[in-house]
Amino acid sequence: MHPILNDIRLVTFDLDGTLVDSVPDLALAVDAALAELGLPAAGEENVRDWVGNGSLVLMERALRSAIKAYGEVSPKEVPDGALLERAHVAFLDHYGRDPGAHTRLYPGVREALDALRNRGLILALVTNKPYAFIAPLLEGLGLAEYFALCLGGDSLPEKKPDPAPLRHVAAHFDVSAASCLMVGDSRHDIEAGRAAGFRTLAVPYGYNHGEPVHDSAPDGVVESLAELV
Ligand SMILES: O=C(O)COP(=O)(O)O
Ligand SMILES: [Mg+2]
């Protein structure tokens with residue numbers, strides 16, 4: 001086992017960019033929503049840098065970029081609220097049709113979850129993705145049975161980088177923060193973990209707004225979750 005697991009009783013995982021590469025499906029839904037509004041497609045490469053703050057912020061970033069491509073507003077300008085609402089509803093509709101169609105597990109994920117579970121650790125999932133999409137995705141990938149608790153970006157009033165979802169998980173299982181580990185791909189995961197008093201572990205292959213996740217100073221970095229076990 002990786003030394004970061006010493007004295008750890010509960011491991012909380014991020015979902016997008018950590019366990020699964022979900023950008024192909026997210027990008028299809030973003031582009032379908034933009035098309036409904038008569039706006040140009042964003043494409044996977046852009047969407048990869050926009051994931052991590054939940055679906056509303058994802059669509060806000062997509063709208064900003066699409067409108068900028070038309071040269072109508074400055075990129076800093078927040079899109080009109082009604083337009084954002086329409087874009088978000090369209091995104092949720094398209095994404096919800098089959099959120100796992102092109103979404104794949106990263107290498108080492110299943111081995112790591114198996115080994116951690118066999119070791120008796122409590123496993124939880126904290127994503128900023130809307131809660132409604134978690135079960136269909138996990139079930140499609142055969143992962144649902146691993147997690148004793150899942151929280152989405154809309155499960156509590158606060159989402160990562162706020163530590164509240166992680167504190168909620170630790171309190172739910174009555175485990176001290178010092179015995180908890182947060183595993184994620186973005187600075188939001190590392191900041192939330194640190195603020196909650198968890199140990200933090202980063203994977204460098206996910207989505208972090210185009211920045212190296214090392215810059216967030218996690219307690220450890222692994223190239224693949226297989227290194228954990
Ligand atoms: O912003 C999202 O929807 C994805 O979030 P996650 O990386 O917290 O799973
Ligand atoms: Mg992530």
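Here are a few notes on this predicted model, for someone opening it for the first time.

1. Start with the helix pair H1 (residues 23-36) and H3 (residues 55-69), which pack at an angle of about 55° with their axes 11 Å apart. H1 and H3 are therefore oblique to each other, and their crossing is right-handed. On the H1 side the contact is made by Val-30, Ala-33 and Leu-34, and on the H3 side by Leu-58, Met-59, Ala-62 and Ala-66. By class, that is seven nonpolar residues, with no polar and no charged ones.

2. Next, have a look at Asp-14, which an unreviewed UniProt entry annotates as "active site". Asp-14 sits in the loop between strand S1 (10-13) and strand S2 (20-21). Is Asp-14 buried or exposed? Asp-14 has 29 other C-beta atoms within 10 Å, so it counts as buried. Leaving aside residues up to four places away in sequence, Asp-14 touches Val-126, Thr-127, Val-183, Gly-184, Asp-185 and Asp-189.

3. The bond from Lys-160 to Pro-161, though, is cis, with omega near 15°. You'll find Pro-161 in the loop between strand S5 (149-151) and helix H7 (164-172).

4. The loop between strand S7 (199-202) and strand S8 (220-221) holds His-209, and Ala-217 is in the loop between S7 and S8 too. His-209 has a positive phi of about 55°, and phi of Ala-217 is near 55°. His-209 counts as partly exposed because it has 15 C-beta neighbours inside 10 Å; Ala-217, with 12, counts as exposed.

Technical notes. Residues numbered from 1 in each chain as written. Chains lettered and ligands numbered in written order. Predicted model: local features only at pLDDT ≥ 70, side-chain atom pairs only at ≥ 80, totals over all residues. Axes fitted to C-alpha atoms, helices over the stretch in contact; angles between N-to-C directions. Helix = DSSP H or I, 4+ residues; strand = E, 2+ residues; numbered from the N terminus. Parallel < 35°, antiparallel > 145°, perpendicular 65-115°, else oblique. Left-handed = near helix turned anticlockwise from the far one by under 90°. Contact = placed C-beta atoms within 7 Å. Nonpolar A, V, L, I, M, F, W, Y, C, P; charged D, E, K, R; others polar. UniProt positions renumbered as here; feature names shortened; annotations may be inferred. Buried ≥ 20, exposed ≤ 12 C-beta atoms within 10 Å, placed from the backbone.
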